Amino acid sequence: MLGCAGVFVASAVSPCVVTAQVKTEPAALYKDAAVPVDRRVDDLLARMTLEEKIMQLCQYTAGGNTNENNVEVKADHPLTSGSYIYYGTDPGFRNRLQRRIMTETRLGIPAIFAQDVIHGFRTIYQIPLGQACSFNPGLAARACAMAAAEARRSGIEWTFSPMVDVARDGRWGRISEGYGEDPYMNSVMGAAAVRGYQGESLASGVSVAACLKHYVGYGASEGGRDYRPADISDRALWNTYLPPFHAGVEAGAATVMSGFNDISGVPASANYYTLTEILRNRWGFDGFVVSDWDSVRQLVNQRVASDDADAAMLAFNAGVDVDMADGLYADYLARLIGEGKVSMDRVDRAVAQVLKLKFELGLFDNPYTPEVPAEERVLTPDNRRIALEMARESAVLLKNEGNLLPLAGKRIALIGPMADDGAGLNGNWSCHGVAAETVTFRQALTRTFPATVYARGCGFDSISSAEISEAVRAAQEADVVVLCLGEMPKWSGENGSRSTLSLPDAQERLAAEISAVGKPVVLVLTSGRPLELRRLEPMAGAVLQMWQPGTEGGTALAEILSGEVCPSGKLAVTFPYSTGQVPIYYGARPNARTGGQGNYQDIQDAPLYPFGYGLSYTEFSYSNLRVSAPAFTDPALPVEISVDVTNTGRCTGKETALWFVSDEVSAVARPVRELRHFEKRELQPGETATFTFSLIPSRDLPYYTPDGEPVLEPGRFTVSVAGLSIPLDYTPAH
Ligand code: BGC
């Protein structure tokens, strides 16, 4: 059996080391690839000292820290650490460290190398919020699989993604990292991401372990400011914030990250209820929980722990298995065990889960990453192709007055700070993305429309009369202006909150000056959050939201503007009319008074663009909504609800049908509508297709009590799609 490990190691380390290992561990079961994982885990665990066990629960960094929000890096990184956040791209460096771990530590337990591969590793895909707007979970899974392969082949086995924090406050910069305001969207897209990252087998050499974050309620941070408390009732926890995590666990996510926020006073990283009672006991999660960066030590800042040792005890006993960055488990767990404050059994369970993942990743049998040249593992044509597909499908056309788009053979004035900015298109959390490798709007448009003239017009937050004059001249000489405005990457993502969803004055002023020229304006937006567009929107004939579309963002824009690609994205997050409306989201509970009472006195009540909104170059009509049976008695049996969708326009296009359910009367007020299914399909002009929602009442209609019990009340429900609706009655069989 040792032969197996020996054969592999012989190809990766010097023969003398192999000999040494053969002598010291002649019959180690855990080294035998043919033995089932649980037995390998037990065997290894039985050989480990307490110190070795504790070190498996500690995570440090390797390489230069690229997350500037995380400044405190512990100086020493013991070789016995269970995992590293690896900031490099070179499998060689990683292998050298791994080789030292394998050969210089007593048991040769390989480390896991982790990284925030949030929307790509070197090839950058659309940000998750934009991916949600594609309403194409299959494509999102492919993008994650491509990112996983790039990462794994570059030495990373674990990504801290997907983020499935439901977010309803666009001021929160991290809204960009998740799938928007809706629990169901976050569930479907998060599960797709998990499947994409993890693939068929974690040991495949192209998959990485996923991490559901930030468990739980981080999206409700007060005022949209980062690292703040969250006040979440148990009912909201169960109905809004937990479902995406549950879906991710069901999809097989290997790990979960505990959040920075508190949940109504109990920090997420010291929360026995969410971490142990729900995650482990109710959902049966059998992976491990990693803290967020320093979130164990931060329990002291949050004033629930009196000192670092107390913080380590609280986090560990609540259910945080691995301590990211702050080193408190290394410093205090042994002492806490000695004092009887932490049990050995709890330590063994945590270590076993870490070891299990290492075996599943194939690290014991294959600890080194093949060192192939970068051009063979990153930015391949396949990577770029999926990045392009995602950028196309996630763009949302918000306005297209008089069919201004597509633009055929026009002289374009390309203006704006985002027009030639690769870094801006890569956006926040762009990992190892390189701005120069991203196709900018200018590069792509100049190829498609050779008569394009470019003038920046202003900076993201600065303006000069010289730049304005140049841009105005360009606009005067053109047939149409493509005005590219938006947010710098740092204005969203972690620690990227903003007090307003408006773009800075400089950009609004540029828009006003350009609009005054009188040429048609196509406003192209790049941002990591929903924007307040009420002043900009009237200045433009067409508005296209590109989000932060990544490496192929420019190509996608040129294809959409030229009409080669028909836009098909829909909003996964509401665009308010004014920032003052925040939080504003479609799934709100009903008002106590009708007839517009209670609305703001100074602005319209409706958002500028609601959830699910998005135009196309073609048109779709919905008809013949029907249900297999208008009433049901057995909630476990599916009810088929169908609608015919016809492409009534002149070009091929993709349409997403969004299916909502409403409970007409219930014991507690529920959201007016709840998304429960969606389907996207391509239709040729004149083609009609039947879209079907196979509704399972016990899955799709209940709400959760504050204790997490699903309740399905008898009575009438309504199912709606594209403004059509049909009743569905439930009478339980006795
Ligand atoms: C972020 C996490 C991230 C971690 C590691 C933290 O600051 O909140 O989302 O995964 O750093 O970089």
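In which sense do β1 and strand β2 (residues 83-86) pair, and over how many bridges? I looked it up: the two run in the parallel sense, with 4 bridges between them. For my own record, strands pair if DSSP finds at least two bridges between them. Helices (H or I, at least four residues) and strands (E, at least two) are DSSP runs, numbered from the N terminus.

Ground rules before I go on. This is a predicted model, where local features need pLDDT of at least 70 and side-chain atom pairs count only at pLDDT 80 or more, while totals for chains, interfaces and linings use all residues. Residues are numbered from 1 along each chain as its sequence is written, and side-chain values use heavy atoms, with hydrogens and water left out.

**Entry: strand β1**

I checked which residues face each other across to β2, and found alanine 62 opposite tyrosine 86. I then looked for another neighbour and got strand β10 (residues 323-324), which is parallel to β1 and joined to it by 2 bridges. There, cysteine 58 has aspartate 323 as its bridge partner.

Is β1 mostly covered or mostly open? Strand β1 spans residues 58-62, and I count 5 of its 5 residues as buried. Buried here means under 20% relative accessible area, exposed means over 50%, and partly exposed is in between (1.4 Å probe, protein chains only). I also noted the side-chain directions: Cys58, Tyr60 and Ala62 point one way, Gln59 and Thr61 the other, and all are buried.

**Entry: cis peptide bonds**

I went looking for cis bonds next. Serine 161 and proline 162 are joined by one, with omega about 10°. I placed proline 162 in the loop between β4 (158-159) and α8 (183-198).

Another cis bond runs from tyrosine 215 to valine 216, and its omega is near -5°. Valine 216 sits in the loop between β5 (211-215) and α9 (234-241).

**Entry: positive phi**

Where is aspartate 294? I found it in the loop between β9 (288-290) and α12 (298-301). Aspartate 294 is not a glycine, yet its phi is positive, about 65°. I looked up its cover too: aspartate 294 is buried, at a relative accessible area of 5%.

Leucine 379 went on the page as well, with a positive phi of about 50° although it is not a glycine. Its loop lies between α16 (374-377) and α17 (381-394). Leucine 379 is buried, and I wrote down a relative accessible area of 18%.
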